[in-house]
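Colleague: I have a few questions about how this chain packs. Can we go through them one by one?

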Amino acid sequence: MRDGDGIRSAKTISTLLREAGDEAKNGAAPTATRKLLVPPPPGCYAGFRNFGPPERAEYARRQLLKTCLGTAAVVILVVLMNFASTVSQIVGIVDTNATMNADRLGLRTTSPTPLPSPAPLAAPPPVGPAGTVKPLKAAVFSPGGSPDSPNSAGLAIDGDPATAWSTDTYFDAEPFPKFKDGVGLLLELPGPTSLSAVTIDLNSTGTVAQIRSSASATPAKLGDTAELSPPTPVKPGHNVINVNAPAPTTFVLVWISTLGTTGGRSHSDISEVTLQSAVRR
C-alpha cells in the first residue's frame, strides 16, 4: 500500500479484487493495473518491500554482533588451549628425584647397615685400679637435626674394628654449625665412673672431637651436658683424648663439633670408642 495509489484500507483492496474478478470472467481487461513484481529465482526467498534502510542497518548490526561473538569465542578457546599447554609443560618437567634428593638438600644419608643387637652384659665388668670401661649401649645425639645413622651407633663400641658408626655425608664443606650444631655418640656406662681418657678410632681428616658428660640418657641440647675435655683435633687412626674432670659420670658424650672429610666429602666413620677409668686413690 502506497500513499500515492489511493489504496488505504482493506475494503478498497477487496473491492478492487472483486471488480478484477468480474472483469476477468467477462473477458475484459482489469481496470486497475499494478506493476507486477518479478518472481524470485527458484530456491530463493522473495524480497519484501518493507525491508528498507532501517531494517538493513539492524540486519548489519546483528551480523556484526554474530561475527564479534564468534571471533571472541575463538580467541578465548586459543588462550585456554595455550594456558593448558603451558601448565602441562610446567608440571611435566618437575624432577622429583631432584626435589627429594638429599645430596641437593645438603645432606646425603648413608644406607644403614644391618646390625646385630649387642648382647647385654650379664654383670658390670670388674673395675681395677685403672682399666677399660665397657659401655652398655650407644645412641646418636643430634640436637637441631635428625640423627646420623641411628641404627648403627652400637658398632662404635662392639670391639670389632671392621665395623663402624658412620655420620651422614654432608654436601656443605662445613656443615657444623651451618646445618646443625654437631653430632655425637652418647654412651651409657654400667655405673658412675671416673674417666681418665677416651680413645677414638676414625678415618676422617680435620675432625674436632670433645668429651662431655650428661646427667641423663636424654639431654635435650648441648647445654644439658658438661665439658670433660676441650675440643681436640683428631687425625685418621688411633686418637687418645685425656679427660681432665675426674667426677664420676654414667653418661659420656663423644661430641663432634667440626666434621672432617673422608675421600673429599664431609663424612666420618668411627670404628671404635674405648674409655679408660681413672686410678682410684
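Colleague: What share of the residues in the protein chain is buried?
Modeller: This is a predicted model. The protein chain has 281 residues. Its buried residues make up 29%.

Colleague: How many helices and strands are there in the protein chain?
Modeller: Both kinds of element occur in the protein chain. The count is 5 helices and 15 strands.

Colleague: Which residues have the most contacts inside the largest nonpolar core?
Modeller: That core has 30 residues. Elements giving two or more residues to this core include strand 7 (195–202) and strand 15 (269–277). A second, separate core has 5 residues, among them Leu-186 and Phe-251. In the largest core, the residues with the most contacts are Trp-165, Val-198 and Leu-275.

Colleague: Are the rings of Phe-141 and Trp-255 stacked, tilted or edge-to-face?
Modeller: Phe-141 lies in strand 3 and Trp-255 in strand 12, 114 residues apart. Both are buried. Their ring centres are 5.8 Å apart.

Colleague: Which residues do ring pairs link into a cluster?
Modeller: The structure holds 3 aromatic pairs. The cluster linked by ring pairs consists of Tyr-170, Phe-176 and Phe-179.

Definitions and conventions: Residues are numbered from 1 along each chain as its sequence is written. This is a predicted model: local features need pLDDT of at least 70, side-chain atom pairs count only at pLDDT 80 or more; totals for chains, interfaces and linings use all residues. Side-chain values use heavy atoms; hydrogens and water are left out. A nonpolar core is a set of buried Ala, Val, Leu, Ile, Met, Phe, Trp, Tyr and Cys residues joined through side-chain atoms within 4.5 Å. Buried means under 20% relative accessible area, exposed over 50%, partly exposed in between (1.4 Å probe, protein chains only). Helices (H or I, at least four residues) and strands (E, at least two) are DSSP runs, numbered from the N terminus. Rings of Phe, Tyr and Trp (its six-membered ring) pair if their centres lie within 6.5 Å; planes under 30 degrees apart count as stacked, over 60 as edge-to-face and the rest as tilted.
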